[in-house]
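Colleague: I would like to learn how to read this model, one feature at a time. Where do we begin?

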Amino acid sequence: MRIAIAGYGTAGQASAILLSAQGHDVTVFEQSPEPGPVGAGFLLQPTGLAVLERMGLAGRALALGQRIEELHGTTPRGRAVMAMRYRDRREGCFGLGMTRGALFELLRDAHAGASEVRTGTRIAGYDAATRRLADTDGRVHGPYDLVIAADGAHSVLRGGCGQHVRRQSLYPWGALWSLLRIDDWPEPDRLLQRYAGTRSMIGMLPVGTRPGHAGRWLTFYFSLPGEAVEHFDDAGVVAMKARVAEIWPELSPHVAHFAHAGQLQRARYRDVVLARPHHGPLVVIGDAAHAMSPQLGQGVNMALLDAAALADALASHSDLAVALEAYRRERHAHVRAYQRMSRWLTPLFQSDRTALGWCRDALFGPVGRVPGARGPMLRILTGELRHPVQDGIGQIANDPYSPGYTGSD
Ligand SMILES: Cc1cc2nc3c(=O)[nH]c(=O)nc-3n(C[C@H](O)[C@H](O)[C@H](O)COP(=O)(O)OP(=O)(O)OC[C@H]3O[C@@H](n4cnc5c(N)ncnc54)[C@H](O)[C@@H]3O)c2cc1C
């Protein structure tokens, strides 16, 4: 097939690799003149790592990133709110902190057609009748047998799904992010978070190496109301540092160098729900189809899972309509479960509802120790809630979670 992919983020990159390998004629359009990583770092879950393994990239990812064994969140007084260890899900299970740059380059280097990506081309719309794409400079591309919209949370192409777009609202809160080089960070295998009510949350996620830079890196994030993110300025930097000093004083030396707002990246997130992610020869994947709050750290994983499921569906069904419906069925339960969870859990960590913070601090720890609740909580963390292969990692031939695994690439 002649396939167009709009967007060269994780979903677009992974789709380009998998579909080119199936022999399709793939053309990628990316709005940035020089595609590169957007954002700081992220947590890859076992589900996402399994897709990289299938692509022969897990060994390299493990070398570039940082194994994360536990998510640990406390109040400023040191009371544990969240303490979830991956190995309690199953022996040898872990997450992987990575810089965006490391994953971007890993996928780009694995994509034989990377040099032909049509950069600086912002797709403006799609004409279902002619199966062509138009860009913002008035150029027309196509026709294509299949158009994959992988143009992220603020997608223009998902509008092609018409009435199937059920929700695309902005979350009221956002965050500031930055990469910090700290070679001697004392907790290299734990994602640490500190919560002061629901209005303040700070995180430190070890993410390993950063392309073009020496040393070991962490992602620092700081929660703020959406308006404050939009208008974040140099005075905001001073206020942020004062808040860090109040609720996580040990972190102060690591953020002391921030003097200008431009040193931090701003993030707002959307809650996107499509009743059906395809319409005619258009299919929407990744954040374009199901952007959510990053609270559960699943978005990159979802993008990888979408790309793998779409490639499988296209390989299994020669009729495009049947293949796209098979893709929807394969991803539906998993995507819906995390959309709901994300919508439900985010206000417990980012909102003006103080009482929710009290409930969280009082209940999360004890509930997490109840045998019947611990399993589902761990499954949510690892990305395996309503995943078709709930214990899937162990079923993958060259298992990155096996002792002695060295990577297949
Ligand atoms: C602050 C923050 C923290 C996060 N932390 C985590 C985490 O810890 N773990 C996790 O798994 N996920 C995390 N996520 C979510 C994750 O970043 C996304 O889910 C993931 O990047 C989605 O990949 P994507 O390819 O669908 O979209 P994107 O990565 O957004 O890529 C979209 C691409 O399309 C391009 N594009 C957009 N519009 C057009 C157009 N019209 N024409 C051509 N090109 C276009 C963009 O330039 C971009 O390159 C986080 C998100 C945020 C905001």
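Modeller: With the ligand. A residue counts as near a molecule if its C-beta atom, placed from the backbone, lies within 6 Å of it. Here 35 residues surround the ligand, and Gly7, Gly9, Gly152, Gly286 and Gly299 are the closest.

Colleague: What ground rules apply?

Modeller: Residue numbers start from 1 along each chain as its sequence is written. The model is predicted: local features need pLDDT of at least 70, side-chain atom pairs count only at pLDDT 80 or more, and totals for chains, interfaces and linings use all residues.

Colleague: Which element gives the largest share of the shell around the ligand?

Modeller: Elements are DSSP runs numbered from the N terminus: helices (H or I) have at least four residues, strands (E) at least two. Helix H9 gives the largest share of the shell, four residues. H1, S3, S12, S16, H8 and H9 each supply at least two.

Colleague: How many residues of the shell around the ligand are nonpolar, polar and charged?

Modeller: Ala, Val, Leu, Ile, Met, Phe, Trp, Tyr, Cys and Pro count as nonpolar; Asp, Glu, Lys and Arg as charged; the others, Gly among them, as polar. The shell has 18 nonpolar, 13 polar and four charged residues.

Colleague: Take aspartate 287. Is it buried or exposed?

Modeller: Count other C-beta atoms, placed from the backbone, within 10 Å of the residue's own: 20 or more is buried, 12 or fewer exposed, in between partly exposed. Aspartate 287 lies in helix H8. It is buried because it has 27 C-beta neighbours inside 10 Å.

Colleague: Which residues does aspartate 287 touch?

Modeller: A contact means C-beta atoms, placed from the backbone, within 7 Å. Leaving out residues up to four places away in sequence, aspartate 287 touches Gly152, Ala153, Gly299 and Ala303.

Colleague: How many residues are in the largest nonpolar core?

Modeller: A nonpolar core is a set of buried Ala, Val, Leu, Ile, Met, Phe, Trp, Tyr and Cys residues, joined through C-beta atoms within 7 Å. The largest has 115 residues; Ala61, Ile148, Val284, Ile285 and Ala307 have the most contacts inside it. H9 gives the largest share of this core, 12 residues. Among the residues that isoleucine 285 touches are Ile148, Ala307 and Leu310.

Colleague: How should I check the length of helix H10?

Modeller: The expected span is 1.5 Å times one less than the number of residues. H10 has 30 residues and should span 44 Å; its end C-alpha atoms are 42 Å apart, so the two agree.

Colleague: Where is the kink in H10 centred?

Modeller: The bend at a residue is the angle between axes fitted to the seven residues ending there and the seven starting there. In H10 a kink of about 45 degrees is centred on histidine 332. The buried residues of H10 include Arg331, His334, Val335 and Tyr338.

Colleague: And where does H11 bend?

Modeller: At leucine 363, by about 35 degrees; proline 366 follows within four residues. H11 has 16 residues and reaches 24 Å end to end between C-alpha atoms, close to the expected 22 Å. Gly357, Arg360 and Asp361 are its buried residues. They pack against strand S6 and helix H10.

Colleague: Which backbone details should I look up?

Modeller: The peptide bond from glycine 142 to proline 143 is cis, with omega near 10 degrees. Proline 143 sits in the loop between strands S10 and S11. Arginine 131 has phi near 60 degrees, a positive value in a residue other than glycine. Arginine 131 is in the loop between strands S8 and S9.

Conventions. Contact = placed C-beta atoms within 7 Å.
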